[in-house]
Amino acid sequence: MIVYAGKIIGFVLGLGFFAALLYGTKYLRNREIRPIPGLIAIEEAVGRAVEMGRPVHDCPGGGGLTDYTAQQTIAAIAIIGYVAKLCAEKGAQYRVSINVAHTLPAVEEIIRTNYRKAGKIEQYSPDIVRFLPDQVSLFSYDMGMFEREKIAANILVGAYFWEAIVLAEYGGSVGALQIGGTARQSQLPAFVASCDYLIIGDEMFAAAAKVSEDRAQIGSIAGQDICRAILVGLMVIGLIAALAGTKVIADFLKI
Amino acid sequence: MSVFARTHLPLIIFVVCTFWVFFEFFIPIPGGPAITSMLGKWVSAVSNFALLLGALNILRFHGRNIVQRRENEWLHGIIIIASMFTMFIAGLAFKPYFKLLYDNIYMGLNTALMCYVGFYFYSAMYRTFKVRSLEALITLFACISMLLSNAPISGAIWGPLPQIGIWIANVPGMGAWRGFIMSAALGMFAMAIRAALGLERAYLGGSE
């Protein structure tokens, strides 16, 4: 057997999705991603921070690059790069707090790169990124910082755990304009309740592609829609089959 | 550091490892699971090295605050740096003291701060309960149903009440969660492929 029994359809679908994404990067480059309100709000938030003379706070959450939260953390780092560029261009003070050590070099580098891209490398300071060793120290430090510096904007996009509710609630209490986003369903309600704008689930990955301004990445989002159509099609056929009293689709997926 | 060492080499390692793990999951390869397990251990080892970078960041940031006597920051910096070195030295040379400090100071403070979560959930819930739109009204109804169904007294108030909350959680709630999870999982798969193709380079610190 070339493929493990029970994983054949998964393997075929995986390869199919890979092909669809590859097709998207090559042939669907001219597509546009619809406006994402949370992403638009980031520009508004940075502008507000400049007008108020207060800092923008950003945090990629408690996820890292070595586990199931890696994709969300990559998307969060891409968005940090975008915010850094906006802050550099508009002259806003920028604060980033992180609690996962191995994301530190990537976060520092992407901020430095974007300050350089904006032509404001002289405004870059290593103090922009603050490392706090765990979730409790992250939010306790941030709560103090929010209070002292009265942040104007709080951007909480990434893989969040239970620090989500504390950061979002405290940010709200100091009057910050808040943008929350995560693909972790258990923390999404915290952002729904506390944030002004949301980047929900896979919008975060689309937002990361959009801010890259790379046509191949934007094309891959269109390729992703092909995969989504296949999945929805399978679900509809499976539902009809189940209503008809047969498990043909469920059994097919187990091959 | 050369461009090759900074961007190309990590990308090559990332691409090789991603495809290895993907194919090894589906295709029986002699010795494959052992190599994948070893890769997992390497990941832990390499990511732990990064803790040193974290410690350097703390020293640099708080050290500067202390030297410059930054208002509201320098005293905090002394406490952080002193605590860090105390735990480091105790962990290396005085293990029983490390455990004593960890159990009696760190865990106590940790637990006290965790209590914020409970209070903030209530304040967030209070805001959510303000009915401003149809969505907020539906959320309010679902929340009250869930609260009542989880309260021990709910069955005494009205027999079917506990079942209403359970039905909301298991039927419409679960349906929405599953849709969300499938959509997010597809997004994660696409992000992984974009990274494996070298298109998404945020984890390498972006591209010029």
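Q: What makes helix α8 (residues 203-212) of chain A largely enclosed by the rest of the structure?
A: In this predicted model, a residue is buried if 20 or more other C-beta atoms lie within 10 Å of its own. For α8(A), 10 of the 10 residues are buried, so the helix is largely enclosed by the rest of the structure. Among them are A:Glu203 and A:Lys210, along with A:Met204, A:Phe205 and A:Val211.

Q: What backbone angle comes just after α8(A)?
A: Here A:Glu213 takes a positive phi, about 55°.

Q: Why are strand β5 (residues 177-182) and strand β6 (residues 197-200) of chain A called paired?
A: Two strands pair if there are at least two bridges between them. β5(A) and β6(A) are joined by 4 bridges, so they pair, and they run parallel. Along this pairing, A:Gly181 stands opposite A:Ile199 in β6(A).

Q: Which helix belongs with these strands in a β-α-β unit, and what is its hand?
A: That is helix α7 (residues 188-194) of chain A, and the unit it makes with β5(A) and β6(A) is right-handed.

Q: How many residues does each chain bring to the contact between chain A and chain B?
A: Chain A brings 59 residues and chain B brings 52. On the chain B side, α1 (3-26), α2 (32-67), α4 (95-128) and α7 (161-196) each supply at least two residues. The most comes from α7(B), with 16 residues. By class, this side has 36 nonpolar, 11 polar and 5 charged residues.

Definitions and conventions: Residues numbered from 1 in each chain as written. Chains lettered and ligands numbered in written order. Predicted model: local features only at pLDDT ≥ 70, side-chain atom pairs only at ≥ 80, totals over all residues. Contact = placed C-beta atoms within 7 Å. Nonpolar A, V, L, I, M, F, W, Y, C, P; charged D, E, K, R; others polar. Right-handed = clockwise from strand over helix to strand, strands pointing away. Buried ≥ 20, exposed ≤ 12 C-beta atoms within 10 Å, placed from the backbone.
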